[in-house]
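User: Could you walk me through reading helix packing and a buried spot in a protein model?

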Amino acid sequence: MAVRHQLIRRPPQAVWAVLSDPTRYGEWVVGPSESTPLDAAWPEVGSRLRYTVRIGPWSTDGVTTVRHREPGKELELEASFRSLGTARIFLQLRPWGEETLVVCDEHPLRGIGATLHNSATETLLQLRHRGMLARLARIVKEEPQVIHCA
């Protein structure tokens, strides 16, 4: 089980705003080049988005489904990638003072990815998460801050 964390210097609601925008999925997730919501209710439980992965001239689509969510706190996804099977991706947002500690936990569930899961694939997931969480942090920090006045 690949678990990684990243401190993002913005509050949880700023991180959640990016996670809850299905059109931005391809910006912060390592692999997909674009994403399209299949359901208008993202990130409601059961809502889906389609993503495209391109490697040179080759491309293929996958679908990600929301399996669990607590707005502003948790988002659990199941990514399905054709013959490779599915993976569970759990993102938890923990308030850390005025910042957010994002914890990402991912592991293969079904298919060849689960069958062949080993320490080498675990290392690849760790590298993927390093890039993914760094991208998420950059995108969140680039968003304009909303200042609430009392």
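Analyst: Let's take the helix pair, then a threonine. This is a predicted model, where local features need pLDDT of at least 70, side-chain atom pairs count only at pLDDT 80 or more, and totals for chains, interfaces and linings use all residues. Residues are numbered from 1 along each chain as its sequence is written, and side-chain values use heavy atoms, with hydrogens and water left out.

User: How do the axes of α1 and α4 cross?

Analyst: Two packed helices are described by the angle between their axes and the distance between the axes. Axes are lines fitted to C-alpha atoms, for helices over the stretch in contact, and angles run from 0 to 180 degrees between N-to-C directions. Here the α1 and α4 axes come within 9 Å and cross at roughly 110°. That makes α1 roughly perpendicular to α4 (65 to 115 degrees).

User: Which residues of α1 and α4 meet?

Analyst: Contact means heavy atoms within 4.5 Å. Ala14, Val15, Val18 and Leu19 of α1 meet Leu136, Ile139 and Val140 of α4. By class, that contact has 7 nonpolar residues, no polar and no charged ones.

User: Is threonine 64 buried or exposed?

Analyst: Buried means under 20% relative accessible area, exposed over 50%, partly exposed in between (1.4 Å probe, protein chains only). Threonine 64 lies in strand β4 (residues 58-70) and is buried, with a relative accessible area of 0%.

User: Which residues is threonine 64 in contact with?

Analyst: Leaving aside neighbours within four places in sequence, its contacts include Tyr25, Trp42 and Leu77.

Notes. Helices (H or I, at least four residues) and strands (E, at least two) are DSSP runs, numbered from the N terminus. Angles under 35 degrees count as roughly parallel, over 145 as roughly antiparallel, 65 to 115 as roughly perpendicular and the rest as oblique. Ala, Val, Leu, Ile, Met, Phe, Trp, Tyr, Cys and Pro count as nonpolar, Asp, Glu, Lys and Arg as charged, and the others, Gly among them, as polar.
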